[in-house]
Amino acid sequence: MIYLVRKEHFNAAHRLFREEWSNEKNEEIFGKCSNPNWHGHNYDLIVTVKGDPSPETGFVINLRTLSEIIKEHVLNKVDHKNMNLDVEFMKGYIPTTENIAIAIWDQLEPLVKELGIRLHCVRLEETEKNVVEYFGK
Ligand code: NI
């Protein structure tokens, strides 16, 4: 078993808030990320898959294939988008780093499985200091 890591990048806007809370309470809980007029982050997305190298190619998976899957099913849907308004798979979720990472996992996991390998980790870096890692349920 070997782990293969692909790093990608996207920019997106968001606002962390609960509608039923006042702006003051939202700011108290979510800080700057509750700014009512939105703001953006430069996200680094690191996807790790695992499997055994093919005797034929030496690859766990062709990185081009993995990159295309991430692009089609994640990056094209989130890059330069508003995570609260534009992204179908985030509907109903507060777009915290945690929730975005889980949603990305849910997008990728079945597709990676179809290729005969397994998704190991979705790591999402919202800033250099704020990072989440999701390994599935
Ligand atoms: Ni934010």
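Buried here means under 20% relative accessible area, exposed over 50% and partly exposed in between, using a 1.4 Å probe and protein chains only. The model is predicted, so local features need pLDDT of at least 70 and side-chain atom pairs count only at pLDDT 80 or more, while totals for chains, interfaces and linings use all residues. Residues are numbered from 1 along each chain as its sequence is written, and side-chain values use heavy atoms, with hydrogens and water left out.

- For reference, ideal angles for four tetrahedral donors are 109.5 degrees.

**Cysteines**

- Zero disulfides turn up in a search of the whole structure, a disulfide being a pair of cysteine sulfur atoms within 2.5 Å.

**The sheet**

- Five strands make an open, mixed sheet in the order 3-1-2-4-5; strands (E, at least two residues) and helices (H or I, at least four) are DSSP runs numbered from the N terminus, and two strands pair if DSSP finds at least two bridges between them.
- Strand 3 (81-82) and strand 5 (131-134) sit at the edges with a single partner strand each, so one side of each has no neighbour in the sheet.
- Strand 1 and strand 2 run antiparallel, joined by 13 bridges, with Leu4 partnering Val49 in strand 2.
- Seven bridges pair strand 2 with strand 4, again antiparallel, and here Val49 stands opposite Leu119.
- Strand 4 (residues 118-125) pairs antiparallel with strand 5 over four bridges, and a hairpin of five residues joins the two.
- Between these two strands, Val122 faces Tyr134 and Leu124 faces Val132.
- On strand 5, Val132 and Tyr134 make up the covered face, whereas Val131 and Glu133 make up the uncovered one.

**Helices on the sheet**

- Helix 2 (residues 63-78) packs on the sheet, touching strand 1 (2-14), strand 2 (39-51) and strand 3; contact means heavy atoms within 4.5 Å.
- The direction of helix 2 makes about 20° with that of strand 1, where axes are lines fitted to C-alpha atoms (for helices over the stretch in contact) and angles run from 0 to 180 degrees between N-to-C directions.
- Helix 3 (residues 97-114) also packs on the sheet, touching strand 1, strand 2, strand 4 and strand 5, at about 155° to the direction of strand 4.

**A loop glycine**

- Gly58 lies in the loop between strand 2 and helix 2 and is partly exposed, at 49% relative accessible area.
- From Gly58 to Ala12 it's 46 residues in sequence and 36 Å in space, C-alpha to C-alpha.
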